[in-house]
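Biologist: I would like to learn how to read a model like this one. Please take me through it step by step.

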Amino acid sequence: MAEDALFSIFMDGLFINNFLLIQFLGLCSFVGVTKDVKSATGMSGAVVFVMAMASTVSYLLYTYILVPTKMEFLDLISFIVVIAALVQLVEFVVRKQIPSLYRSLGIYLPLITTNCAVLGAVLLNESSGYNFAQSVVFGTSAGLGYTIVMLMMAGIRERSTFVNIPSSIRGLPQAFFIATMLSLAFVNYFWVIPI
Amino acid sequence: MDPLSEFIRGITRDNPTFGLVLGLCPTLAVTTSVENAIGMAAGTAFVLVCSNMLVSSLRKQIPSTVRLPIFIIIIATFVSIVDMIMEAYSPSMYAALGVFIPLIVVNCIIIGRAEAYANKNNVFYSMIDGFGTSTGFLLVLMLIGGIRELLGTGQIVVFGYSLINLSLSYPITTMILPAGAFVTIGALMAIVNYQKAKKLERGE
C-alpha cells in the first residue's frame with residue numbers, strides 16, 4: 001500500500017479491502033443477521049464501536065507492554081482477551097444507559113467476541129505495521145465498510161423475501177448469490193480508486 | 001454409539017459447512033487453490049482435535065459459568081502453536097494463508113464442537129468427533145478449492161504435481177476472485193438442499 005496517507009488507509013478499509021466482500025471476514029454475521037434491516041443496523045453499530053476501540057487498545061497493549069517485555073508471541077491470546085473484555089464493557093454500558101438498544105441487539109452483542117472481523121482488523125493492523133493514528137483510522141473505516149455492506153445486503157434480502165424461486169435456493173444459497181453480485185461490484189474498486 | 005458412525009457423522013450429517021453452516025470465513029477465503037485448502041484444513045484439524053481432547057478431559061473441572069473464556073484460551077494456545085510451526089516449516093503456505101491462520105481462534109467450528117460435544121463426552125469420543133469434523137471440513141475445502149482452481153486457472157497443481165491440466169485459452173478468472181467463492185458455495189448449497197428435499201420426499 002502506497003505511502004500510508006490516512007485518507008488512502010480510510011478508503012482501503014472502506015471499499016478496496018472491504019472486510020465482508022473482499023477479505024471474507026465476519027461472514028457468519030453477514031448471512032446470519034441480515035434477514036432484516038433493523039437487526040443489521042444494530043449489529044453494525046456495535047461492530048463499528050468494538051472494532052475502533054479494539055484497534056486502539058490493542059495497539060497500545062502491543063507497543064507499550066508486549067514489545068518492551070519481549071512477549072510478542074502472546075499477541076494472539078492477549079488480543080482475544082482484550083476483545084472479550086471490551087465486548088463485556090460495551091454490554092454493561094449499553095444495558096445501564098440505553099436499555100432499549102440493549103433489548104433490540106439481544107444475542108448479537110456477546111457474539112461480537114467471536115466475530116472474526118474484529119480480530120482480523122487488529123491482526124491486520126499489526127501485520128501492516130501501522131502506527132497509532134493509522135491503526136485507529138483503519139479499524140474505524142473497516143467497521144464502516146462492514147456497515148455499508150450489511151445494510152445493502154439486509155435491504156436486498158428484506159425486499160426479496162417474496163420472490164418466487166425454487167425452494168432449494170431459498171435462504172442461504174440465495175444470500176450467497178446476492179453476495180456474488182455485490183462482490184463483483186466491489187472488485188471494481190481495485191481499479192476505480194488508485195492508491 | 002460406535003466410533004465409526006461418530007466419525008462418519010462429522011462428514012455427512014454434522015458436516016461443518018453444509019450441515020452446521022459454521023466457519024464460513026476460512027471456507028471462502030483460502031479456497032483459491034487446492035493446496036491452500038489442504039494447508040488450512042490441516043491447521044484447523046490439529047487445533048480441533050487437540051482442543052476437543054483437552055476440553056473433554058477437563059470437562060468435570062471447568063465451572064460452567066466461565067466455560068467460554070476457558071475454551072477460548074485453550075483454543076488460542078493451540079492456534080499459537082500452529083501459527084509458529086507453520087511460520088517456521090512452511091513459510092510459503094504461511095504467506096498464502098496470511099491472517100487466516102491466527103483467525104482459527106475465532107473459527108466457530110472449534111468452539112462449537114467444544115461446547116456441543118467435547119463438554120459432554122469422554123476423551124476418546126471427542127477425539128473421534130474432532131477427526132470426523134476435520135475430515136468433513138477438509139473434503140469441503142478441497143471440493144470448493146478444486147472447482148475454483150480448475151475453472152479459474154484451467155489446471156490443478158498440488159505441491160508441484162500437476163493433477164489436471166485443461167489448458168484453457170480463456171480461463172474464467174472471476175472464479176479466483178472473491179465473487180467466485182460466493183457463487184461456488186451458493187451453487188453447492190443449493191444442490192445439497194435439493195438432495196435433502198428429495199430424500200424427505202422419499203420418506204427417509
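Biologist: How many of the residues of H6(B) are buried?

Modeller: First, the ground rules. This is a predicted model, where local features need pLDDT of at least 70, side-chain atom pairs count only at pLDDT 80 or more, and totals for chains, interfaces and linings use all residues. Residues are numbered from 1 along each chain as its sequence is written, with chains lettered from A and ligands numbered from 1 in the order in which they are written. Next, the terms. A residue is buried if 20 or more other C-beta atoms lie within 10 Å of its own, exposed if 12 or fewer, and partly exposed in between; the C-beta atoms are placed from the backbone. Helices (H or I, at least four residues) and strands (E, at least two) are DSSP runs, numbered from the N terminus. Now the case: 8 of the 11 residues of H6(B) are buried, so the helix is mostly covered. Among them are B:Cys108, B:Arg113 and B:Tyr117.

Biologist: What covers the buried residues of H6(B)?

Modeller: Look for contacts, meaning C-beta atoms, placed from the backbone, within 7 Å. The cover includes helix H2 (27-32) of chain A. From chain B it includes helix H3 (34-57), H4 and helix H7 (123-153).

Biologist: How many residues does each chain give to the contact?

Modeller: Chain B gives 32 residues and chain A gives 31 residues. On the side of chain B that touches chain A, H8(B) supplies the largest share, 11 residues.

Biologist: Which residues does B:Val105 contact, leaving aside neighbours within four places in sequence?

Modeller: In chain A, B:Val105 is in contact with A:Leu76, A:Ile80 and A:Leu119. In chain B, the partners are B:Ile75, B:Ala76 and B:Val79.

Biologist: What is the secondary structure of chain B?

Modeller: Chain B has 8 helices and 2 strands. Along the sequence the pattern is α-α-α-α-α-α-α-β-β-α.

Biologist: Why is chain B called as compact as a globular protein of that length?

Modeller: Compare the radius of gyration, taken over C-alpha atoms, with the globule rule, 2.2 Å times the number of residues to the power 0.38. Chain B has 18 Å, close to the 17 Å that the rule gives for 204 residues, so it is as compact as a globular protein of that length. Of those 204 residues, 44% count as buried.

Definitions and conventions. Contact = placed C-beta atoms within 7 Å.
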